[in-house]
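Visitor: Hi, I'm new to this one. Could you walk me through it while we look at it together?
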Amino acid sequence: MRRLVTFSFRNKDLPPFSAAFGRRRVLDLPLVAWLTVIWVLLWSSPNWANLLTGAVVAVAVCLAFPLPKVDLGLRLHPWGILRLSGYLLYDMYTSGVKVTRQIHGRHPRRAAVIAVPLRCRSDLMLTAVAVAVSNVPDGSVVEVRRATATVFVHILDGRPTELAAARRSVWRMEELIVRAFGTRDEIERVAAPPPEPQHTGERPGDQEEGT
């Protein structure tokens, strides 16, 4: 009796970490996992309902729109995924508290847009970093420059100390994402010190606290 689903560890003719539905439909399991993560991040609510819904949507999309057999550069590192999940939950909570304090604080803050050069170079990792950063309440990516691997992030507090902290937060997010889903070459890249920004991207008046 023919199996409805066949995994790659049972059929050596299949690509690694994949599953075959019937005779022709082949699912890339790392891609399904990554689409599920993106779904959960977009909903900004990591719970079992969103996780299961995201998995169903990811499988349906991959079956309806099969991709050619290419290496997406996506790897699954269980310990890295666990660290990334914990950091996302922690970052969303602390950022929410921070934004609340800024809104109800006595002194208004001037917002700023900062340029943060990244170490990763693949489109997949750049997209993942942009989505993850935008998922945090106190920052959102307004532009991504693929040629220079630079993200431009809007933050609510433009003081110099906050600008430096925002860059460190983006670099930390980049490192965790790459260590969770990146290739060996990308992991080696994020192990190096972050690059110095070529230009800040802030307007001069945005770096001072408002009065």
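Visitor: Which residue does D185 form a salt bridge with?
Guide: D185 pairs with R189, and their closest N and O atoms are 3.7 Å apart. Keep in mind that this is a predicted model.

Visitor: Where do those two sit?
Guide: Both are in helix α6, which covers residues 184–191. They are four residues apart there, about one turn of the helix.

Visitor: And how exposed is D185?
Guide: D185 has a relative accessible area of 47%, so it counts as partly exposed. R189 is partly exposed too, because its relative accessibility is 36%.

Visitor: How many salt bridges are there in the whole structure?
Guide: A search of the whole structure turns up seven. One of them joins R146 and D123, with 2.6 Å between the closest N and O atoms. That pair links distant parts of the chain: R146 is in the loop between β5 and β6, while D123 is in helix α4, 23 residues apart.

Visitor: Is R146 buried or exposed?
Guide: R146 is exposed, at 60% relative accessibility.

Visitor: Which residues are linked in a network of salt bridges?
Guide: R172, E175 and R179 are. Within that group, E175 and R179 have their closest N and O atoms 3.1 Å apart. These two are four residues apart in helix α5, so about one helical turn separates them.

Visitor: Changing topic: what is the volume of the second largest pocket?
Guide: About 460 Å³. It is lined by 20 residues, and the closest to its centre are V37, V40, P46, L51 and S85.

Visitor: Which helix gives the most to that lining?
Guide: Helix α3 does, with six residues. α1, α2 and α3 each supply at least two.

Visitor: What classes of residue are in the lining?
Guide: The lining of the second largest pocket has 14 nonpolar residues, six polar ones and no charged ones.

Visitor: What about the surface, which residues form a nonpolar patch there?
Guide: L35, V57, V61 and F65 do, and together they have about 330 Å² of accessible area. V57 belongs to helix α2, residues 48–64, and counts as partly exposed at 30% relative accessibility.

Visitor: One last thing: how many residues apart in sequence are T94 and P137?
Guide: They are 43 residues apart in sequence, and 9.2 Å apart in space, C-alpha to C-alpha. T94 is in helix α3. Its relative accessible area is 27%, so T94 is partly exposed.

How values were computed
Residues are numbered from 1 along each chain as its sequence is written. This is a predicted model: local features need pLDDT of at least 70, side-chain atom pairs count only at pLDDT 80 or more; totals for chains, interfaces and linings use all residues. Side-chain values use heavy atoms; hydrogens and water are left out. Patches are made of residues with over 30% relative accessible area and no salt bridge: like charges are joined within 9 Å, nonpolar side chains (Val, Leu, Ile, Met, Phe, Trp, Tyr) within 5 Å. Accessible areas come from the Shrake-Rupley method with a 1.4 Å probe; for residues, only the protein chains shown count as cover. A salt bridge is a side-chain nitrogen of Lys or Arg within 4 Å of a carboxyl oxygen of Asp or Glu. Buried means under 20% relative accessible area, exposed over 50%, partly exposed in between (1.4 Å probe, protein chains only). On a 1 Å grid over the protein atoms alone, a cavity is a set of points where a 1.4 Å probe fits but cannot get out, and a pocket is an open set with protein on both sides within 12 Å along at least five of seven lines; lining residues have an atom within 4 Å of a point. Grid points are joined across faces, edges and corners, and a volume is the space filled by probe spheres set on the points. Ala, Val, Leu, Ile, Met, Phe, Trp, Tyr, Cys and Pro count as nonpolar, Asp, Glu, Lys and Arg as charged, and the others, Gly among them, as polar.
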